[in-house]
Amino acid sequence: MRMIPKSLALGAGIIVLLAACSSTKPQTTTRPNIVVTYSVLGSVVSDLVGDGATVTVLIPDGQDPHEFQPSARDIETINNASIVISNGLDFEEGLLEVLATAESNGVPQYRVGNNIAQRTVEGEHVVADPHLWLSPINFIQALPSLTSAINTATGLSINSATESEQLKQLDNDVSELMSTINSCVMVSGHDELGYFADHYGCTVVGAIIPGLSTTSEGTAKQLAVLKDLSVANNVKAIFTGLGTPQNVADQLANELNIKAVTLSTHYLHDAANYREFMLNLANQIVDALQ
Ligand SMILES: [Zn+2]
């Protein structure tokens, strides 16, 4: 159940009074302004808060969140937010400083990545994989603390039960789709499909850009190793997208005589919401691996 803003609950008398003493447009209730960094997370937050707050997504859909640099206006938006909800785990590389500054100036922040079971990758150091939205389980896990953070920052009384149910239903639907293929072995663009693979029983043998961010770069030697691994593991498709050089993906796919499929993994693209986004993704993977 969502709380009705107090000023609305007080009745029409107030509104009439305001209209009578002001020639400007009628005063409306100031709704909390929740700023969310990227579109996929924005969809989940919008579903959760409903009409209770304005949800502003900072990074335009279609831009690489790993590389996004904020404008002066974006910084102002962040500083004026009731709360800023971000992915964390260094996903929004270009926003790290701005978010930290806003936080030290008293703008409440919630980072989803700090409230999930993190997938870690061992390299020179152990680092946490930021691509948490590719498994609804992570949002289900974060939902209680996310809801509580929003309620504390905005004074709303949002209940997360409905959103939780919808995310569980989505998880079931994706599981069901994935169960229609016998084997899910893949190569990805960068190391982005780990949470998805871990949760839905897939194996990622490697990535064209062997790193957790699109800002990493692969070498010819790494690519040769990836090719051998793909043959050894009977990989049937390469799933690329954002930040992956298309010519490299196409060349590898040609050499292996398999498909290169372009996925939208980092923003909603043409999906109306998170549910559609995940189902599109799963359908594309299933179609390619039939
Ligand atoms: Zn990524």
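Is Thr 219 buried or exposed? Let's start there. This is a predicted model, so please keep that in mind throughout. Thr 219 has 9 other C-beta atoms within 10 Å. Exposed means 12 or fewer, so Thr 219 counts as exposed. Where is Thr 219 in the chain? It lies in the loop between β8, residues 203-209, and α9. One distance from there: Thr 219 and Ala 128 are 91 residues apart in sequence. In space they are 23 Å apart, C-alpha to C-alpha.

Now the whole chain. There are 290 residues, and 38% of them count as buried. The chain has eleven helices and ten strands. Its C-alpha atoms fill a box of roughly 75 × 40 × 30 Å along the principal axes. Next, contacts.

Four strands make an open sheet, in the order β2-β1-β3-β4, with parallel pairing. Which strands stand at the edges? They are β2, residues 54-57, and β4, residues 109-111. Each has a single partner strand, so one side of each is left without a neighbour in the sheet. From one strand to the next, the twist averages 20 degrees.

Let's walk across the pairs. β1 and β2 are parallel, with four bridges between them. Val 35 stands opposite Thr 56 in β2. On to β1 and β3. β1 covers residues 33-36, β3 covers 83-86, and three bridges join these parallel strands. Val 36 is opposite Ile 85 in β3. Ile 34 has Ile 83 of β3 as its bridge partner. Then β3 and β4. They also run parallel, with three bridges. There, Ser 86 stands opposite Arg 111 in β4.

What about the faces? In a regular strand, side chains alternate between the two faces of the sheet. Look at β2. Its covered face carries Val 55 and Val 57. Its uncovered face carries Thr 54 and Thr 56. β3 has both faces covered. Ile 83 and Ile 85 sit on one side, Val 84 and Ser 86 on the other, and all are buried.

The other sheet. Four strands again form an open sheet, and the order is β8-β7-β9-β10. The pairing is parallel. The edge strands are β8 and β10, the latter being residues 259-262, and each pairs on one side only. Here the twist averages 25 degrees from one strand to the next. In this sheet, β7, residues 185-190, and β9, residues 237-240, run parallel and are joined by two bridges. Ser 188 stands opposite Phe 239 in β9. Which helix packs on this sheet? α9 does, touching β7 and β8. The direction of α9 makes about 155 degrees with that of β8.

Stay with α9, residues 220-232. It also packs against α10, residues 246-256, with the axes 11 Å apart. The angle is about 40 degrees. That makes α9 oblique to α10. The crossing is right-handed. Who meets whom? From α9 we have Leu 223, Lys 227, Ser 230 and Val 231. From α10 we have Leu 252, Glu 255 and Leu 256. By class, the contact of α9 with α10 holds four nonpolar, one polar and two charged residues.

One more helix pair. α7 is residues 161-178, and α11 is residues 274-289. Their axes come within 9 Å and cross at roughly 10 degrees. How do we class that? Angles under 35 degrees count as roughly parallel, so α7 and α11 are roughly parallel to each other. On the α7 side, the contact uses Leu 170, Asp 173, Val 174, Leu 177 and Met 178. On the α11 side, it uses Arg 275, Met 278, Leu 279, Ala 282, Asn 283 and Val 286. The contact of α7 with α11 has eight nonpolar residues, one polar and two charged.

To recap. We have an open sheet in the order β2-β1-β3-β4, and another in the order β8-β7-β9-β10. α9 packs on the β8-containing sheet and against α10. And Thr 219, where we came in, is exposed, in the loop between β8 and α9.

Technical notes:
Residues numbered from 1 in each chain as written. Predicted model: local features only at pLDDT ≥ 70, side-chain atom pairs only at ≥ 80, totals over all residues. Buried ≥ 20, exposed ≤ 12 C-beta atoms within 10 Å, placed from the backbone. Axes fitted to C-alpha atoms, helices over the stretch in contact; angles between N-to-C directions. Parallel < 35°, antiparallel > 145°, perpendicular 65-115°, else oblique. Left-handed = near helix turned anticlockwise from the far one by under 90°. Contact = placed C-beta atoms within 7 Å. Nonpolar A, V, L, I, M, F, W, Y, C, P; charged D, E, K, R; others polar. Pairing = 2+ DSSP bridges.
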